[in-house]
Amino acid sequence: MEEIGGKFKIEGWENVQINIGKVEEEEEEWEPMGPYPMPKMADLRNWDYKLLNRYKPFYAPLCDVCALCTYGKCDLSGNKYGACGIRMDAMQGRIVLLACLVGASAHMAHGRHMIHDLEHRWGVDVPLDLGTEINVPAPLTQLITGIKPKSIRDFLPVLDYIEENIVQLADALHTGQEGSADDFESKALQMGMLDSLGKEVADMVQIAYYNMPHGESNQPFFEVGMGSIDTNKPTIIVIGHNAPPSFDIVDYLTEKGLEDEVELGGICCTSIDITRKYQKAKIASGLGRQLRVIRAGFADVIVIDEQCIRADILKQAKIVGSPVICTNDKAMHGLVDRTGDDQDEIIDDLVEGRVPGVVILDPFQVGKVAVEVARKMHPKRAKKEYILSDEAFKEYLESCTMCGSCTFACPQGLRIGGANKKALEGDLEPLIKMFDQCVGCGRCEQVCKKHIPIVDVMVKAARPVIEKEKGKMRAGRGPVRDTEIRQVGAPLVLGTIPGIIAPIGCGNYPNGTKDVYTIVDEFASRGYIVTLTGCMAIDCGFHLDDEGKSVYEKYPDDFDKGCVLNIGSCVANAHIHGAAIKVASIFARRQIRGNYDEIADYIINRVGACGVAWGAMSQKAASIATGFNRLGVPAVVGPHGVKYRRAFLGRRDLPERWKVYDTRNGEELYCEPCPEHLLVAAETIEECLPLMAKLCFRVADTSPGRMIKLTHYIDLSMKYLKIMPPDWHLYVRSETDLPLAKKEYYLQLLEEEQDWKIDWKTKKIISGPVKGVDPSFNPTLLERLLPEKR
Amino acid sequence: MEEIGGKFKIEGWENVQINIGKVEEEEEEWEPMGPYPMPKMADLRNWDYKLLNRYKPFYAPLCDVCALCTYGKCDLSGNKYGACGIRMDAMQGRIVLLACLVGASAHMAHGRHMIHDLEHRWGVDVPLDLGTEINVPAPLTQLITGIKPKSIRDFLPVLDYIEENIVQLADALHTGQEGSADDFESKALQMGMLDSLGKEVADMVQIAYYNMPHGESNQPFFEVGMGSIDTNKPTIIVIGHNAPPSFDIVDYLTEKGLEDEVELGGICCTSIDITRKYQKAKIASGLGRQLRVIRAGFADVIVIDEQCIRADILKQAKIVGSPVICTNDKAMHGLVDRTGDDQDEIIDDLVEGRVPGVVILDPFQVGKVAVEVARKMHPKRAKKEYILSDEAFKEYLESCTMCGSCTFACPQGLRIGGANKKALEGDLEPLIKMFDQCVGCGRCEQVCKKHIPIVDVMVKAARPVIEKEKGKMRAGRGPVRDTEIRQVGAPLVLGTIPGIIAPIGCGNYPNGTKDVYTIVDEFASRGYIVTLTGCMAIDCGFHLDDEGKSVYEKYPDDFDKGCVLNIGSCVANAHIHGAAIKVASIFARRQIRGNYDEIADYIINRVGACGVAWGAMSQKAASIATGFNRLGVPAVVGPHGVKYRRAFLGRRDLPERWKVYDTRNGEELYCEPCPEHLLVAAETIEECLPLMAKLCFRVADTSPGRMIKLTHYIDLSMKYLKIMPPDWHLYVRSETDLPLAKKEYYLQLLEEEQDWKIDWKTKKIISGPVKGVDPSFNPTLLERLLPEKR
Amino acid sequence: MGCDSCGGSCSPQNYISFDVGNTHGPESGRLAAPEAIGRLIKSAKRPLLIVGSEILEDDGMLDRAIAIGKKGIPIAATGPAIRGFVEREYDGEVYYYQLHELTNCILDPEWKGLDGQGNYDVVVFFGIIYYYASAMLSAIKNFGTDPLIRGVSIDKYYHPHARMTFGNYSPKRQAEYLEMLDKLISVL
Amino acid sequence: MGCDSCGGSCSPQNYISFDVGNTHGPESGRLAAPEAIGRLIKSAKRPLLIVGSEILEDDGMLDRAIAIGKKGIPIAATGPAIRGFVEREYDGEVYYYQLHELTNCILDPEWKGLDGQGNYDVVVFFGIIYYYASAMLSAIKNFGTDPLIRGVSIDKYYHPHARMTFGNYSPKRQAEYLEMLDKLISVL
């Protein structure tokens, strides 16, 4: 008998495969199986409808027509029906499902791709070893599939499950089929759940293969910001989400001792992931500045993998003479596939400019090519200056006719012409301000009738700022440790930690990156736990406080009161779900296995968490938010987020929507409207901050908890909006919920403005609240959890 | 040791599973493995680029903007770049990939869904027994995956492969990633290939589970057409593509002896599939008349499953009091899931009208409910007349103000107001003509300012025609037998069979269903093999010749000269690919296993087949056509097909595009431009017919073959366009290629119009042709097949 | 149809959305004179002015919002706009409401309104971030149909999804724009 | 911007595509008088008239196609339109070409043209199924940019993707439409 990997072959039994420990039905009984292991699209529909009946989908169509089949185009405006019978509302649900499909597929395909890339070298029996402080290694996997993984191999059936169900949902997009907006949303919620699961697998796979941090606090620092890149060295800029090719660059640099000679900078998640292991790498920027990093000429070579790469990367890179290496089949840009070719030849072709770029699909063939191209290109490129000269700058400014074409093309509506004029008059401030407000799309340039390279003009103006744009960021720590959950359980319930704030997603901010810093600092300083991932983790890193400290330096990175955690790249978002699930599992001892709806129900009623995707841009952000929503976690998006078309909005004026059961006796109760929304866009940061504080309320809040949450809600509203929130009284269940310092004042307001009855002797509320406080109240939305139904 | 299904358990070894015959690397060596088993998206890119460089994608944007992420909307008009950097051309490729994704997912998910539905009852070890005349049971599966399946179980890894790769491709749709239109098209071609494979699996699964015909000729007849439905009986109308729930209806009818008491009619592929076993069922119509069948009030109950169902089915069914049973999670229409509930209660709720419909997701729970609801609804509904009364008809006609709103809303631009006026004057002909031209979308009704139920008006006018709309159709026979391939191999090569014509796809015809009949009759009468599937198979069935015969009665259903085959439902399209692959495998003895590009290369150069999707409407039609294209089979679409945005067009005026290698010596040759296009839209049927004949030319045609093909090309052009085709000379390689009857005349034309040199003594061509005839010419596009590279 | 009204000199180029890619469907916002919009508001049974963050950027705009309010039109102040009214100690009918929530309520025929007196029939957008306002106007256009709710913009942008809207006014033409607002106010 | 040209009386409602859902992007077809289109064709270096199946439906249209041809404009007859010319024994410059192929060639600056003399700069669509023509005009608008190729329609439909187009003419107004064609021909 010969052993190959985890498989055995028995001589003469060539057609017999014996797999050890792989049989699903024989899975270790780590917990009894709940009702919904590996749920299909109809299985959790009942839970979805609980959410959808409370948070009815609100649609703002971005397009009045449908053009998805040749029956059309169809005018759906005014909620009309198209030729296939779909109506505008269902069509919006369909587009949401489509967005979530693309998002979930991106996360999932990335995980699968990584395994394929790495299994050749390291097999799939690499253990998932998360140390002694984590016994719930993969909360989403355990919750959704019932599998408790011990190695990468155990994730394989999880990936099969996700893929099968993504394709089932893709089928539902077909013309002439589903006609119900709510059912499209239920399918989108299923897709969001699959997305969350796919992210967990993807991050766990890279944690296991690359031995990335697995939840340790006090992660090391590295530099972030455009100013951190030392372009005096040969510079590699990596862009994307799939880190293995970049890890090959790290390996090559390390092997050759080139760590201090070659600058490795990145944009987006790949760079977050490599800094989890290699802190000499730097993060140049998040998504929003990709074009400017390229056009500033930083890169002696650009290495792209997948997702969130400019689709015109070749055109842009050519402008500054940066060769491009494509390392992933999803983005090949028409270049020749040179995988397996002689590396020196490839290097030569790139350095000599015979080709603008190449495709190399084996990550283990990338490191040498990238590094050596950078080293050879550097002296060649160094002779050129990619930042505009003072003369050119002035000439371009002079040529601007203030025609306004750029403004019409600008997603932000920036008045670039006016800023140009000011700059010409010697005032660079407006252009510098725009440098941060700009979302970096470059549409302005191609419509400029005078062919002004507006991106370059802006970079030139902001150069002094860019050079100072440098901060310290902590390496992404990965999952939250079970031990941390045990410690924060009680404070979360008692409100000494008023909530978990999760800034996530892309860089399509309404007013620049500074808002991200404000969100993080505001909530961390108030004792919330702030968990960041992806572009928001990057974009808050280069803003510094008065003492020159970034938020990562100012606050520790424990999962605890007043801490700021870089969890990791976008796929690491899964650990934020994971933390919420672990609260149910570890703190409340709920069984999670195959028990999605019960855990989501627990979270929506008890765990005061709120996501914020202030610059939500991509399809992944849509599926991420939808995945949070299905698990009972609300999210706030920036105003561009309305272009996703759908919000999940509660109605605080309709008490019947806020019915909750008490698990103790099955009684139906009307509760305060919390969390009030599952997905809502705020117009500005001033509106966002109190809104997020409000969305941390939960019906099961203890009085001390509610009191602290209410304090912050009122305080943030007063600070940023200058008003008492008009709905604050809805969250007062008893005088014990009232902030102590101003208790009497608040009682007075309740009496005067809300007609509540107050017993002024005892300072107690006699009548008024929707519902009183009952410490043993055990809320649920699920009939199946009620005594008689159990 | 205990045996359960195909698995063994050994006591005490509970975690050990022993699977017999399942190990891929130990797969029976039925053929050596080619270079590309289970190809991923980059593996066949070289082949794709061969096609794309010859048939460059041509784009006609249906929409000038992109609205897929919150960076947008972006104006891409004039081939501009969007905010993410995507350009209009690449965006069109992306939309094509999206369409193919949805189409491929629909086919694939349907196959997977069927297995899940049926494995509970029958397991997955049901053998795939196709009789003694088929030794290549699953040509696409064998070609693409290298697996030669023996039972349904063997298809499971095939499904895993498809799902994994669909999700990988879905990832590529993400904002900011692929920037090359050609690479999007290469991905779409990959998706089309996966689609073809998914279809084969789906049809094989149902053939195996339901013991459907597997290639036998002389299939029994059943009735097709709206006039075939006997609404005097309780009537069930089934709609969709996933037959198991409908087979449960068949089983219930048979068990209870109700076959003659209850009418089982259907629309679209589900009905094709049930008639493959139960010829008492009837096909009411294809997709195009779905709305009219519903609104004519035929159905005492409507049973839908998945795909190609009106999304407003509930609204439309309510108008005529038909309860709706949803049997598939992809289309639940907001109805309550009653799976597992007491069937008598469900029946009662539907009959009493307490609910407009229900969801029943277990196919084995559908039969009784559907039949009993129909039987109970029938007397209730029979009291009502759903066809307009003469008075109502007149009143509606009178109320029409000829405002033209309906015309603007009509995809066909039908001048309904004018026809109404004529009808009021006593001339029903224009309305009757429109009944066939109408594609049945119903958009006219909702914009009518006078609220005229235009669909009903048209049905009323056309009632006498509808009642006569009845024809005989043969049961779908499934795959082409190996024995048939052996017999047609030589005639196909020698041209006695000039080609294979495959009418496929949906009912979005430019000018009614009659065109389908014309295509079939024209080519069958000329000795082409005509293989039909789906809606085109239905829509040619109810047109009769002067003797009252349908094409199915007029022509035999062998895979042979001048035959007309109903292959089956849309998924049975795979057998048409299969036939082409089998020509390579059986006739030419090429090894097919994991050898996609070589076989596609063989087909494009040798197998004169051409698809026609005259009413191509859906995303499935897009993926089907794209799947044919990758395999080297061209397709013609009707004019609505331009709304897919992309065509693959050759350029006969550019000789350098028609470079071919001769495998014998590796020499490069310029050949005649054939097949000239891979995907092209014809404006009318008169243009379509000669175009299809032209697209059956292949560079490897023998002289006798070319002569016959040329005869038909010229003849069809003269007949329908009244001209000699302006490019006919391009296909003349030698005087031996010229149609004998008019050889001299043609030589004269070549001399006069094309300046060719003719030796009039010998009647030989001295110079002129692009290339001469060489009987042993062995063409290929693939370098890897050349002697030195092999 | 044909263009009989102006013999071809008019052109949809005049209807370019402030965000150029924000194209409309078959129906699009009608460019309207300030008086026409003013009359529509005046004739409304239940009008509502919805103001957003941009009224704070610009003194003239907050003034006009208050002037409209003083004509008896209730105001929903969304985003940080409410600050302006607080700071100016405006004592008219003004409510803080989050714009997404508010639009959602407006689409519900049963909604009680900000004052408990019922829903609105003409809602006027003013000072709201362009693309956010555009989306909310799209929601109203597409779903506020029964009973019909008219979404109107008096911002300095062409709003394709509004029933009535001004064109695009650059900062250079701010004075002209404020004058238009004054004209509108004058007919209320 | 604002609508200065006609004070708000013009409206994009006049620009409704014959197929109402066939909406356009920021740029859309300019409604033009027949003389204006005629002048554009006349001033073209290499004009081409592309006719389709609908010229056969209607005697008046084939007449006009021939009349245009007789002014020296080469004709590409697509679909079965060629039949009309054969039956009328038209001896001017007319070529059969499949419309999809033809449009594809037109987008290639290097294309030699139907007569081998080079590509065209103004292509005039006439009598082609509405949605097919619309798609081809879209292709020309979006990709026929360098050098610029002007796609023009003289059909009785409003074509959003044409540079210049007529409006929509119902059968009732056929005489009026034919008159417009005659006016166009008169300036060639």
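Let me start with the contact between chain C and chain A, to which chain C gives 50 residues and chain A gives 50 residues, contact meaning heavy atoms within 4.5 Å. This is a predicted model, in which local features need pLDDT of at least 70 and side-chain atom pairs count only at pLDDT 80 or more, while totals for chains, interfaces and linings use all residues. Residues are numbered from 1 along each chain as its sequence is written, chains are lettered from A in the order in which they are written, and side-chain values use heavy atoms, with hydrogens and water left out.

Between chain C and chain A about 3,900 Å² is buried, and carbon and sulfur atoms give 60% of that area; buried area here is the accessible area (1.4 Å probe) that two parts lose on being put together, summed over both. The rule finds 6 salt bridges across this interface, a salt bridge being a side-chain nitrogen of Lys or Arg within 4 Å of a carboxyl oxygen of Asp or Glu. Glu101(C) and Lys694(A) meet through their side chains in a salt bridge, at 4.0 Å from N to O.

Let me turn to a residue of chain A. Asp539(A) lies in helix H20, residues 534-539, helices being DSSP runs (H or I, at least four residues) numbered from the N terminus. Asp539(A) is buried, at a relative accessible area of 3%, where buried means under 20% (1.4 Å probe, protein chains only). Leaving aside residues up to four places away in sequence, Asp539(A) touches Gly286(A), Gly507(A), Tyr509(A), Thr513(A) and Val516(A).

Key: Helix = DSSP H or I, 4+ residues; strand = E, 2+ residues; numbered from the N terminus. Buried < 20%, exposed > 50% of the residue type's maximum accessible area, 1.4 Å probe, protein only.
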